[in-house]
Structure formats: structure tokens, C-alpha cells
Amino acid sequence: MQHVLSEQELLRRQKLEEIRNSGIDPYPAEEFLINASTVDIKQNYNRDKLNYKDISIAGRIMSVRDMGKAAFAELQDSSGRIQIYIKRDEICPGEDKSLFDLLWKKWVDIGDIVGLTGYVFTTKVGEISLHVQSLKLLCKSLKPLPIVKTDASGEAYDEVTDPEFRYRQRYVDLVINPRVKKTFELRTQMMNSIRSFLNEHGALEVDTPVLQSIPGGASARPFMTHHNALNIPLYLRIANELYLKRLIVGGFDWVYEFSRNFRNEGMDRTHNPEFTILEFYVAYRDYFWMMNTTEKMLEAVAIDLHGTPEVNVDGKIISFAAPYKRISIYDAIKEHTGVDVSSMQEEELRLVCNKLNVQADKTMGKGKLIDQLFGNKCEMHYTQPTFIIDYPVEMSPLTKKHRSVSGLVERFELIVNGKEIANAYSELNDPLDQRSRFEDQVKLMERGDDEAMFIDHDFLRALEYGMPPTAGIGIGIDRLCMLMTGEVSIQDVLFFPQMRPEHRTENETKE
């Protein structure tokens, strides 16, 4: 579909042609050297010292106030905004004043990227500003930016909020909504904080395959592709767990990976088909150690980001200060439904689900029915960080059996603000038991469960060489970022969340 240009877009293209005809390159190749940023100037300018005399700065023009032979404007660089003052006689010394009238008044638009040199001063009303002595057009913008209103302090009060526009054109969202950029800066700080914690405790960051012949390590529907050279089907990974455990078999004591995973499932405020998980595995540890380590790490991250373990999420104060509450999944279900399901088998569980209006179709085995009950009736009640522990064996095909309670495994999920943030085990290292659990998953697959696990024969072979007792965890980085930044939608912590294509093909339209 051909894009129809707006009046403004046509006008900017006309200006572009005029600029080129005047001999000015609107997209110059040579570098423009910068020696200051807006935030640096505002934080460190001293009026008495008259510092920042020879400044070179670049950014977008975000507003203009024309005053005849002079103008005030606002320049935005990667760190913030600053007022600039431009005087015609200084930009265009000598007889030719037409360049100022053309380049600045007629040809430069809001959104254009310019390079400026000059000196910093303070206006009569006390605003730190840049007195421009030279101007160079670095990039002509052909599409107008949406206008966002700001108050006297520079805070936006009329932001563009349409999610369709913001998520599809994130590059514009970042330009016009400064707080959005802050969210993604906090995301990087959060990941760096986690890295520092793990590295300081002796962990090794590693990489494992994204393309896998067996989609293992989780119960999820995979994306499938084809490798032409090998002529085999491959899957985008749903988890990196089984590869990290292979490294524990190989002799590493503590490994971790920020893993880009892909699951061909639904989309909502907490799910995106492409997402980031942190997984780490530690030899000779168990799930009790992992709970202690997880709460210490998350408390440290919150303090690194905010100076306090408390964060504000949608008006709720959530404290990541250790220790966290611990409750078994059976006790949680009993507490919130009044039903004790700890000794129930599949058919009884299905009846309970039907009675409580919880979806329970024939493809669901015991484990999935319990998961449905907890997810629909309990999960939303846990706002403060809570470890849900001791799951039934049917829910956890990769987890070591409980050391003291028959029928359970040593597993926990961390629930915060009503959503699962982490999933962890004392890892199953008995190869015969693991094979049996995989075979049970195949039976579920034959019943129609498209999220059941495949048998990974190479992983079983690795376990047969011997894997030491191991604790492992997966932490949802996107969901954790939502908590640490106070965002309520996963789309707001992903630069480019998945969306339908803007322009559908002719065949798609017919379908």
C-alpha cells in the first residue's frame, strides 16, 4: 500500500529540495564533534565562573519562538533539553543575512537535528541557555513530530498515550516522551545490577543455542523453523535450562545466562511471544539456598535502582526486603478456595475446577489442573513477594522429588503483585527418574497437550554421566522490570513489542 503524504510531509520535501539547491547538504557525512551535553551544562554551569564558553552540542529542535532578528528554541539531545538563543547577525555575519532567514526561519523545522557551537549564559529570568554562534544542519526531518506540551519545569503534561502509535513507532515515543527513555535506562541498570551480584558471587555468564532440535526446559508451545543446509526442523528455544545443566555436568559450578526465549502463545499485559529470562544453576545447592539467594539479590537490585527496597507499582508499595513469605501450593489453594486438593486425583480435581468455574478440559492432567486452580483463584492475592513452594510431582517434570513428603517436588515460584516472577527447583539429577518423567510428558502430548515436553535423549545421556546436586532458577526479566520501574504492561518495558503488521498482504486480506 502506497503511503499518501500529508501536507506537512510534502512541504518538508519541498524544503529539502530548496536546501539542496542552495548548496547545503542536509545529510552531511563528516563527523560533528561534541564536547558537552544538556544535562552536563545544567548541572555544572557556574554563572560566576563563566565556564562553558566554547561549547559544541547537537540534538533535535523541539520548539521555536521567533523574535524577528533573533529566536529562542529548545534543543533536545540524548540526556535532556536546553534553551538556545540565536541571533541573525551572529549566525550570518557580513552582508548576507538571507541564509539566516532561509536556513533558520524557513527551512529548519521542529524535529530537525542540528549541530551548534556557542557559549552558555543565564537569561534575565534565570534560565540556563546556549547562545548560538554557529549552526549546522545535520539531518532534515521529513515527518513532523507529535506536539507534546510541557510546563515551566519542562515536565510533559500532554503526552502521546495511544499505545498503537507508541509501541509501533517507539523511536518517536522515545523522542517525545522523556519518561519512556528513563524506563529503558532503568531496565539496563537492573540487568547490570543482577550481573554484578552474580559475578561477585562467582557465577560465570555463558551463551547457549537459540536454535534447538528439541524445545526443552519448559512446558510451552514452540515456534518452528527449518534449516535448509541440514534439511531438518528446528525450534526457537522456549528455555535454556537443559543446556545450562549440561554445563553443570561438564564441571562448571555456577553458570547464568540472560536468555532470549520464544513461546508461540497468547499476548496480554504480562505476556509477549519474545521475552527475556535470566536462568542460573549452582552445583551442590538446593531450593532452600536458592530462595535465600533470590531474595537477597532482588533486595540488592531494588536498592541499587531506587536507594530503597520499596518500589511503587500502580499505587501499591511493594517491598523487596528479605525475607519473603513462604507457603505451599496446596495450602495456598486451601486458603483461597476452602478446598483441600492435596490428596485428590485427576477426576476429583476436574470436578473441583468445574465447581469453581475454572477451565478444565480433557487434555489437562493432574499437574495442569492444580496449576489452573492456583492461577485462577490464588495467584492474584499475593502482592508482596511470596514463595509458593512444594509442588506436586505431576507439575514439575525436571524437579527433584521432595526429601520428606511423598508426591511432592522441591520447587518454588516467586509471586509478586499477583504474577509469577521466578520459577526454581532442586534440580532432578536421577537419569532414570528423568526418563520416566519425560515419558509421562509424551503421554500428555498424545492426549492433546501441546505444551507437554519432548524427550531430550542427549540431555538424558548427559545426566547418565552424572550431574551433582544442583539448584536452578528462571527469573522473568521483563516482568521484574515492570515491577522495578512501576510499569503495568510488559509492552512498556520492551522497546519493540510484538504487533500485527501495519500493512497486510493481498493474500492475507483475502483470507
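Here's a quick tour of the salt bridges in this structure.

This is a predicted model, where local features need pLDDT of at least 70, side-chain atom pairs count only at pLDDT 80 or more, and totals for chains, interfaces and linings use all residues. Residues are numbered from 1 along each chain as its sequence is written, and side-chain values use heavy atoms, with hydrogens and water left out. Searching the whole structure turns up 33 salt bridges (a side-chain nitrogen of Lys or Arg within 4 Å of a carboxyl oxygen of Asp or Glu).

**A linked network**
- R12, K15, D109, D112 and K140 are joined up in a network of salt bridges.
- D109 pairs with K15, with the closest N and O atoms 2.6 Å apart.
- D109 sits in the loop between α4 (98-107) and β4 (113-122) and K15 in helix α1 (residues 7-21), so this pair ties together parts 94 residues apart in sequence. (Helices, H or I of at least four residues, and strands, E of at least two, are DSSP runs numbered from the N terminus.)
- D109 and K15 are both buried (under 20% relative accessible area; exposed is over 50% and partly exposed in between, using a 1.4 Å probe and protein chains only).
- K140 and D112 meet in a salt bridge too, at 3.0 Å from N to O.
- Both K140 and D112 are buried.

**A pair between helix and strand**
- E295 bridges to R326, and their closest N and O atoms are 3.8 Å apart.
- E295 belongs to helix α9 (residues 287-306) and R326 to strand β14 (residues 325-328), so the pair ties together parts 31 residues apart in sequence.
- E295 counts as buried at 5% relative accessibility, while R326 counts as partly exposed at 33%.
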